[in-house]
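Follow the explanation below with the model open.

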Amino acid sequence: MKELSCDLHIVGGALTGLLTAYCVSSLGYKIIVSERKNIMQDNKQPINDTRTTAIAEGSKVFLESQGLWKFIKGFAEPIKNIKVVDKTANSNLEFNNSITKTSLGYIVKNSKLISILTNELKKKNNVKFITGSNLNSISYHNSKIISVSNNKRINSKLIIAADGKNSTVRKILGTNFFKKKYNEKALVINFFHERPHNNIAYEIFFKTGPLAILPMQKERKRNQSALIWSNKPEIIDKITSLDLHNKYLEEILNEKIYQQLGSVTNINSVQSFPLSAHINEKFYDNKTVYVGDAAHSIHPIAGQGWNLGLRDVNSITKLLRETKENNLEIGTKSFCKMYNDACYYDAFRLFEITDKLDWIFKKDQPYFKFLKKFGFNIINKNKIFKEQIVKFAMGLN
Ligand SMILES: Cc1cc2nc3c(=O)[nH]c(=O)nc-3n(C[C@H](O)[C@H](O)[C@H](O)COP(=O)(O)OP(=O)(O)OC[C@H]3O[C@@H](n4cnc5c(N)ncnc54)[C@H](O)[C@@H]3O)c2cc1C
C-alpha cells in the first residue's frame with residue numbers, strides 16, 4: 001500500500017473540500033485532497049450535478065478576497081429582486097437591494113464552480129489530488145492522524161472532513177449528530193423559456209413545500225431558469241421517472257412558471273434530491289475538523305447550505321493563517337476547539353431558522369394563516385425590518 005504524508009488531509013473533493021484546499025493552499029501547507037469519485041480527469045466535465053447554487057453577496061465578498069470571484073463572475077447571473085408568495089395565506093413580499101446597491105445574490109451552475117476550482121487547484125504545487133479514494137479507517141500514531149483508503153495510507157497533522165452529509169469520517173470517529181428527515185424531495189429542473197426572467201427570483205410557498213424559480217445565464221441566447229420544488233417523495237419520483245421530453249412533464253412545469261416566464265421551450269435537465277438536515281454535536285474531533293455538509297446540512301428553502309459552508313472555510317483559513325504566523329501546532333485540541341467556537345453558533349442558528357421556515361410555511365390552519373399574513377404585513381410596512389431580512393439573506397449580518 002502506498003504511503004503519503006502531508007500537513008492537511010482534506011477528505012472530500014466537492015464544493016467545500018475544493019474551496020478549502022484553494023483558500024488554504026496560499027498559506028504554504030502541504031495538502032492532500034482525497035475524493036471517493038473518479039473526478040477531475042482530463043478536464044472532462046467533472047460531475048453530473050446539474051444543480052445551481054445561489055451565492056449570497058457576503059459569500060461573493062469572501063470569494064473576491066480569495067481571488068476567485070474573477071473566475072466565477074462571468075458565469076454568475078445576478079439576482080436583483082426576490083418575490084415571495086405565500087399561497088396558503090395569499091400574501092406577497094418583494095425584496096430588492098436599496099441598501100448597498102449590489103445584487104442580492106448570484107446563480108452559478110455547480111458544475112462550473114467545480115471546474116473553476118479544480119482548474120485553479122491544478123496550478124498549485126503544494127496540493128495533491130487523489131481520486132477514486134474511499135477512506136475507510138482512521139488511526140493515530142504519535143502526533144499524526146493516519147487515514148487508510150482502498151489504495152493509500154495518508155499521514156497528516158489534521159484531517160479536514162469535507163465528505164458531505166453522510167460523512168464517513170464522522171461515522172468512523174463516532175462524532176454524534178442530530179438529524180431531521182423532511183419526508184420531502186427537491187425536484188430540480190433547468191429549462192429554457194419564452195420571456196426574460198429580468199433577474200427576478202421567485203419563492204412560492206405551497207402547503208406541500210416551497211418552490212423557487214431562479215434566474216440562470218442565457219445559453220445560446222435563450223432565456224434560462226432553474227426550478228427547485230420541494231414536495232412529497234412519491235410525487236417527485238413520479239415526475240422524475242418521466243422522459244425529459246414528455247409532454248406531461250412540460251405541462252407540469254408550464255403550470256408552475258407560465259405566469260412569470262411564459263411557456264417552457266425546452267427542458268434541459270431533471271434531477272431530484274431527498275431532503276434532510278443535520279447538525280453535528282460538535283464540529284471537531286481528535287485531530288479533525290468538519291466543514292460544509294460534513295458539519296451541517298440544512299433545508300434548501302433559503303439556498304444557504306453552501307453559503308454556510310463557505311463561512312466554515314473562512315474560519316478554518318483564518319485559524320490556519322494565525323497558527324502559521326505564530327508558529328503553533330495544527331490539529332491540537334485547542335486548535336480544533338477554536339475552529340468549532342468560530343462556526344458552531346452561526347450554523348446552529350441557520351439550521352433552526354431554515355427548519356422553522358419550512359415548518360411554518362406548510363401550515364394552512366386559520367391561526368397560522370393569520371400569523372403569516374400579519375407577519376408579511378409588518379415586513380411590508382417596516383423598511384428597517386425589511387432591510388434586516390435582506391442583509392440576512394445576503395449573508396451580511
Ligand atoms: C436541491 C438543493 C439545492 C441547493 N441549493 C443551494 C443554493 O442555492 N445555495 C447554497 O448555498 N446551497 C444550496 N444547497 C446546498 C449545497 O448544495 C450543499 O451545501 C453543498 O453542495 C455541500 O457541498 P460539500 O462539498 O460540503 O458536500 P458534498 O457535495 O456532499 O461533497 C462531499 C464529497 O465527499 C466525497 N466523499 C464522501 N465520502 C467519502 C470518502 N469516504 N472518501 C473520500 N471522499 C468521500 C463525495 O464523493 C463528495 O464528492 C442546495 C442543496 C440541495 C439539495
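In this predicted model, Ile159 has Thr288 of strand S20 as its bridge partner. The bridge belongs to the pairing of strand S13 (residues 158-161) with S20 (residues 288-290), which is parallel and runs over three bridges. Strands of a sheet pair through backbone hydrogen bonds, in either the parallel or the antiparallel sense.

Both strands sit in an open sheet of six strands, ordered S9-S3-S2-S13-S20-S19, and the pairing in the sheet is mixed. Its edges are strand S9 (127-131) and strand S19 (284-285), each of which pairs on one side only. Helix H1 packs on this sheet and touches strand S2 (8-11), S3, S9 and S13. The direction of H1 makes about 170 degrees with that of S3.

Two packed helices are described by the angle between their axes and the distance between the axes. The axes of H1 and helix H4 (residues 110-122) come within 10 Å and cross at roughly 30 degrees. Angles under 35 degrees count as roughly parallel, so H1 and H4 are roughly parallel to each other. The crossing of H1 past H4 is left-handed. On the H1 side the contact involves Leu15, Leu18, Leu19, Ala21 and Tyr22; on the H4 side it involves Asn110, Leu113, Ile114, Leu117, Thr118, Glu120 and Leu121. By class, this contact has nine nonpolar, two polar and one charged residues.

H8 passes H9 in a right-handed crossing. Residues of H8 in the contact include Leu308, Arg311 and Asp312, and those of H9 include Phe335, Met338 and Tyr339. The contact of H8 with H9 divides into ten nonpolar, two polar and three charged residues.

The largest share, four residues, comes from H8. In total, 35 residues surround the ligand, and the closest are Gly12, Ala14, Gly164, Gly292 and Gly305. The shell is made up of twelve nonpolar, 16 polar and seven charged residues.

Technical notes. Residues numbered from 1 in each chain as written. Predicted model: local features only at pLDDT ≥ 70, side-chain atom pairs only at ≥ 80, totals over all residues. Near = placed C-beta within 6 Å. Helix = DSSP H or I, 4+ residues; strand = E, 2+ residues; numbered from the N terminus. Nonpolar A, V, L, I, M, F, W, Y, C, P; charged D, E, K, R; others polar. Left-handed = near helix turned anticlockwise from the far one by under 90°. Contact = placed C-beta atoms within 7 Å. Pairing = 2+ DSSP bridges. Axes fitted to C-alpha atoms, helices over the stretch in contact; angles between N-to-C directions. Parallel < 35°, antiparallel > 145°, perpendicular 65-115°, else oblique.
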